[in-house]
Amino acid sequence: MSARLDRRSLLFAGGAAALFPWLPAWAQPVSAGLPAVGGDDIRLTIARQMLHVDGKMRHAIGINGTVPGPLVRLKEGQTARIHVTNELDEDSSIHWHGLILPFQMDGVPGLSFPGIAPGKTFTYEFPVRQAGTYWYHSHSGLQEQLGHYGPLVIDPAGDDPAPHDREHVVVLSDFSALHPHVIFKKLKQMGGYFNRQKQTLADLLSGEGQPLGERAAWGAMRMDPTDISDVTGSTYSYLVNGHGPADNWTALFAPGERVRLRFVNASAMTTFNVRIPGLKMTVVQADGQDVRPVPVDELQIAVAETYDVIVSPEDRAYTLVGESVDRSGMARATLAPRAGMAAPVPPLRPRPLATMKDMGMGGMDHGAMGHAPSEGGAKMDHRMRDLSLAPTVADTPTVQSISPMPMDRTGEPGQGLEDVPGALTYRDLAALHRNPDTRAPTRRMHIHLTGNMERYMWAFDGVKLNEVKEPIPFTQGERVRVTLVNDTMMAHPIHLHGHFFELVTGKGDHAPRKHTVNVQPGGTVTFDLTADAYGDWAFHCHLLYHMHAGMMQVVTVRPEEAA
Amino acid sequence: MSLLAIALLAAQPQEPAMPAQSCSPEHAAMGHCSMPAPAEPAPPPCPPEHAAMGHCTAAPMPPDPPPSSPCPPEHAAMGHCKPASEPPAPETPAPPAPRVDAADAVFGAEAMAASRRRLYAEHGGGTFSQIMVDRAEWRVRDGRDGYAWDAEGWFGGDIDRLTIKSEGEGDRDGPFEGGEVQALWSHAIGPYFNAQTGVRQDFGPGPSPTYAVLGVEGLAPYWFEVEGALFLSDKGDVSGRAEASYDQRITQRLILQPRVEANFAFQAVPELATGSGFTAIEAGLRLRYEIAREFAPYVGVAWERKLGDTARIARAGGDDPSRPAFVAGLRVWF
């Protein structure tokens, strides 16, 4: 292995004090970060291993012996050659999340390539045409849940538009002692299995949660307002760079430095609300794309998204809090000028409750829309699954509800952050550089995100991938306006492989470009897509068990004459 | 130096973000914003007869997001943005869907075929199972203690499942009173309900008829678990059963479950000692504690009452048609 260590990688290693001599260097919780690999010829090996989480040993899948896998560090303009060896007893793969590359290098078994058989090595080779913070992970089975993921950073060919004195990669993830197939089976048997924060008679009597009438109305609709996350802190430990909250991974800095934190949400199922109490974060990149700097106090990072922020900490310790969106647990790390320091860890805030807006009745407040604002419970129930509102959705048991009045929620910071001042919204993001394609779209389409929490079925347009007959076709080079309509009461981080798309949030030709967009419950997101990459591409919800349950489609991009 | 760069970045012109709120007519009238264009030119998928019944309203598609941000002419001239009067994207038909086969040209169709099949099958396919012993309980009655069980298992995919049900009861000292087992094909007929059809075999002392079964099972509004079935016996007798239960969480682990079951028959069946009409009801109230979701001991009360002619037959045979009991048992599933 030829590892090219640059200045930043050395900075990582510099802080590795041997606080825990029995742990290998990569597992040291102080600033060690993850080992970095780079250069023109990179070797990665996927294998089973044990993982220490808060003092407990867990079975995991790691890469080059670490969970998360090593930081793959590339340089814009180089050709990446990455040899991936699979030492598992089952097929595996690595998908380079957010990278623009030829489809056969995208790493989705069955679409891009046949997968990597046990004992075999596959060599990925592609030109590096972008810069920024990305990540990589398995696209085989449920391996991702077991630790098969890692960060990927591409240094820009020119000057970095957001210079900094030091950086830390912060990979957030969720880890369970339960095997992922067991988690999935429990969800199929009982959709609310992991929800230990349901409403009860006790909290009704103590005046918490919804009042009785509201509970009855939600009961009539068979909707549970506490259904925020499918898999929760009741089984998950939330990790920072593979370390549990008690491990307290610590990132060191020198006072006065500008520190860049590269957040990657590599979770299987967890949306995090990230904050550093006492420290303003300036967002400079979203999904690897430079954005105009936005100072924020908190940001919601959905599964598979990345955010780069710059902080200027003073000479004291700070707690980095990654609270799961349902407030059932947190990922915790410390930012400190010296090892051994810690700041107070704030308690978990009360869990949010879904609202009528989350059921897609967002517009109901606005009598101006021409709809009667008040409806009886029975009538509302009928309206919860009115398929005439979504003519492209198949009438299948996968469809529990159709949002009667979905609204664009990109101006909101996400569930649980409604009342948090200074929380980032998608509408705060604007691309630093002009968008590469500013043509007006020549076609538009709607894709509905549908699901059934009781049967734990998830799909696009009511049709699971195993039932799908045809892919979603695009003509190469065409520009299409796509609206995602969330007909469910949960947020879905939707990822399209091989492309960036521009969010339609009123930023003109500086629209923020993303590879993954979180569609809030009962909400819509509209983006413009230039389908410029020939091939077959995966398009799916990045909640691992939603994808596994069928919330996935294939996008084909073909030249006009062939189409 | 880096401070300066950031300061410069921050100083770049930033277009104001559009408010997320929709545009009310009075605002629009004042020129503060523009109403979203009528959503879809396509015929509204809300048939007039539906709309007349108040089931839906016209213009059902979500409105387009507000047009792009205000673009001052000087900005537009500099190419920073386009004027806001951008027309909505047209409703052009999609190109025809090709075969999903791009990777065949690189790796060969044969090499791709198996993994592609697996990709489709794995995402949304798959079979699962659950064995649920809802009630396995001891019944303390006036002088005659007994036991009872009620269990259900399923195996299969999201839509079609093999469902096995069994229930029965007996006395501690007396005879086994009787039980039944059903083997059903269960088919999802909507988001919440399964239609079930198959056979039921009774066993125990006395006649043990075989039945054809047609039923439904699912989750009703207000979170009631409901189940109903009609049984056609090999003698041609028709009977039925309806059940409903509700889980009231007192805390996250302590759950009170009221449950009611009604049995009825369309004709008298002397060898089973049942009359026609409602034959029996059973009501129960059980308080369980979920040590784990899968493992919950409970205590409660259950009351069986024979009705109508069936009650008269019971009395004539020296049995009490009313049988209250304290129950203690276990709910376990995996």
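This is a predicted model: local features need pLDDT of at least 70, side-chain atom pairs count only at pLDDT 80 or more; totals for chains, interfaces and linings use all residues.
**Stop 1: chain B as a whole**

Of the 334 residues in chain B, 38% are buried. Now think about how the chain meets itself: among contacts between residues at least 6 apart in sequence, 43% join residues at least 24 apart.

**Stop 2: a helix in chain B**

Next, select residues 109-122 of chain B, which form helix α6. Try the distance tool on its end C-alpha atoms, which are 20 Å apart. That agrees with expectation, because 14 residues at 1.5 Å a residue should span 20 Å.

Show the side chains of B:M112, B:S115, B:R116, B:L119 and B:Y120, the buried residues of this helix. What do they pack against? Part of the answer is in the other chain: they pack against β32 (552-558) of chain A, together with α5 (104-107) of chain B. Step just past the end of α6 in chain B and you reach B:G124, where phi is positive, at about 115°.

**Stop 3: a strand and a loop in chain B**

Move on to strand β8, residues 238-245 of chain B, and pick out B:S239 within it. Is B:S239 buried or exposed? Its relative accessible area is 16%, so B:S239 counts as buried, the cut-off being under 20%. Leaving aside residues up to four places away in sequence, B:S239 touches B:Y211, B:A229, B:L230, B:F231, B:F264, B:A265 and B:F266.

Then find B:A273 in the loop between β10 (254-265) and β11 (277-289) of chain B. B:A273 is not a glycine, yet its phi is positive, at about 60°. With 32% relative accessibility, this alanine, B:A273, is partly exposed.

**Stop 4**

In soluble globular proteins, nonpolar side chains tend to be buried together. To see this here, select A:L261, A:V283, A:L299 and A:Y545, the residues with the most contacts inside the largest nonpolar core, which has 114 residues. Strand β10 of chain A (residues 166-176) gives this core its largest share, five residues. Domain 1 (7-158) and domain 2 (408-562) of chain A each contribute at least three residues to this core.

Zoom in on A:V283: beyond residues up to four places away in sequence, its contacts include A:V291, A:P293, A:L299, A:Y307, A:L424 and A:L429. A second, separate core has 31 residues, among them A:W96, A:V128, A:I154 and A:F500.

**Stop 4: annotated stretches of chain A**

Under "domain: Plastocyanin-like", an unreviewed UniProt entry lists residues 49-157, 230-322 and 440-560 of chain A. Color residues 49-157 of chain A: they are 0% helix and 45% strand, with end C-alpha atoms 36 Å apart. For residues 440-560 of chain A, the figures are 4% helix and 51% strand, with the end C-alpha atoms 18 Å apart.

**Stop 5: two backbone details in chain A**

Where is A:P68? Look in the loop between β3 (56-63) and β4 (71-75) of chain A. The peptide bond joining A:V67 and A:P68 is cis, with omega about -10°.

Finish at A:R222, in the loop between α4 (212-220) and β11 (236-240) of chain A. Phi of A:R222, which is not a glycine, is positive, near 55°. A:R222 is also buried, with a relative accessible area of 10%.

How values were computed:
Residues are numbered from 1 along each chain as its sequence is written. Chains are lettered from A and ligands numbered from 1 in the order in which they are written. Side-chain values use heavy atoms; hydrogens and water are left out. A nonpolar core is a set of buried Ala, Val, Leu, Ile, Met, Phe, Trp, Tyr and Cys residues joined through side-chain atoms within 4.5 Å. Buried means under 20% relative accessible area, exposed over 50%, partly exposed in between (1.4 Å probe, protein chains only). Domain bounds come from an automatic or database domain assignment. Contact means heavy atoms within 4.5 Å. The expected span of a helix is 1.5 Å times one less than its number of residues. UniProt positions are given in the numbering used here, feature names are shortened, and annotations may be inferred rather than shown by experiment.
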